[in-house]
Amino acid sequence: MSSPRPRTAVVTGASSGIGAATARRLAEAGFHVVLTARRTERLEALAEDLAKEGHSAAVRPLDVTDRTAVDAFAAELTECHVLVNNAGGALGTETVAAADPADWRTMYETNVLGVLNVTQALLPALTASGDGTIVVMSSTAGLATYEGGGGYVAAKHGAHVIAETLRLELNGQPVRVIEIAPGMVRTEEFALTRFRGDAERAAAVYAGVAEPLTADDVADTVAWAVTRPSHVNVDLLVLRPRAQASNSKVHREL
Ligand code: 8X3
């Protein structure tokens, strides 16, 4: 008896951190994973690792802010059952009074319009699959604000609103919309990017925090939510390390 064809999961921002860990978890769950991000070499290295472990992975370099490229990517995709909108990130911790509008624009482009671009482009395939799932990787920054959060908080609120609105608009269609909102996650790049390469300031984010979440902790919840029975929609899943009670209340052992 031949085994059924694997279902396809597209993961954006799959070159590192939560995206890479999610791609791995979904591959382990039996999905054919399509790895997308701007950095091709990293995607290829991950795809190679996954293939060595007997998993099925394809590499498609993609900038989610480039609508023409996103449309071309979607046109080439033969099918899609799961889309994980993970690409995004933070730039700067300036106050609203001092922030550079260019940083806000970049964050809006990646965290909001990136989700819009890829979701719009893949929605026909997700619907045609008869059992589609859209995951929006938002953040606790999409649900509450904090000083210096500014443009990132605004952008993640935008991502949150896409998930909420899409769920209403797709009601009656065979597509679920799941929002995963992580709090403090220690990855190799998130804080470093936010602090523009300043490793000391990036490390200070996690100083004294016993166990920040890992990318794999988040990936585990994505895989769990995606593999629930089709009629079960995990609307919104907030996860934080035990040491973090809110965006601004963090227990540190210093
Ligand atoms: C990351 C969480 O607290 O840095 O999305 O905004 S936080």
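Modeller: The side chain of Tyr-146 has an N or O atom 2.5 Å from an oxygen atom of the ligand. That is a polar contact, meaning a pair of N or O atoms within 3.5 Å; within protein, one must be able to donate a hydrogen and the other to accept it, and residues adjacent in sequence count only if both atoms are side-chain atoms. The model is predicted, with local features needing pLDDT of at least 70 and side-chain atom pairs pLDDT 80 or more, while totals for chains, interfaces and linings use all residues. Residues are numbered from 1 along each chain as its sequence is written, and side-chain values use heavy atoms, leaving out hydrogens and water.

Biologist: How far is Ser-139 from an oxygen atom of the ligand?
Modeller: A polar side-chain atom of Ser-139 is 2.6 Å from one. For Arg-194, an N or O atom of the side chain is 3.4 Å from a ligand oxygen.

Biologist: How much of the ligand's accessible area does the protein cover?
Modeller: 84% of the 240 Å² that the ligand has on its own. Accessible areas come from the Shrake-Rupley method with a 1.4 Å probe.

Biologist: Which residues are around the ligand?
Modeller: Ser-139, Ala-141, Tyr-146, Tyr-152, Gly-183, Phe-190 and Arg-194, each with a heavy atom within 4 Å of the ligand.

Biologist: New topic. How many cavities of 30 Å³ or more are there?
Modeller: The search finds 2. On a 1 Å grid over the protein atoms alone, a cavity is a set of points where a 1.4 Å probe fits but cannot get out, and lining residues have an atom within 4 Å of a point. Points are joined across faces, edges and corners, and a volume is the space filled by probe spheres set on them.

Biologist: What is the volume of the largest cavity?
Modeller: About 50 Å³. Its lining includes Trp-104, Met-107 and Gly-150. H4 gives the most to that lining, with 3 residues; helices here are DSSP runs (H or I, at least four residues), numbered from the N terminus.

Biologist: And what lines the second largest cavity?
Modeller: Thr-12, Val-64, Asn-85, Asn-86, Ala-87, Gly-114, Val-115 and Val-118. That cavity holds about 30 Å³ of space.

Biologist: Where is Thr-110?
Modeller: Thr-110 is in helix H4, residues 101-128. Its side chain reaches the backbone oxygen of Met-107 at 3.3 Å. Leaving out residues up to four places away in sequence, Thr-110 touches Val-64, Thr-65, Ala-87, Gly-88, Gly-89 and Val-115, where contact means heavy atoms within 4.5 Å.

Notes:
Helices (H or I, at least four residues) and strands (E, at least two) are DSSP runs, numbered from the N terminus. On a 1 Å grid over the protein atoms alone, a cavity is a set of points where a 1.4 Å probe fits but cannot get out, and a pocket is an open set with protein on both sides within 12 Å along at least five of seven lines; lining residues have an atom within 4 Å of a point.
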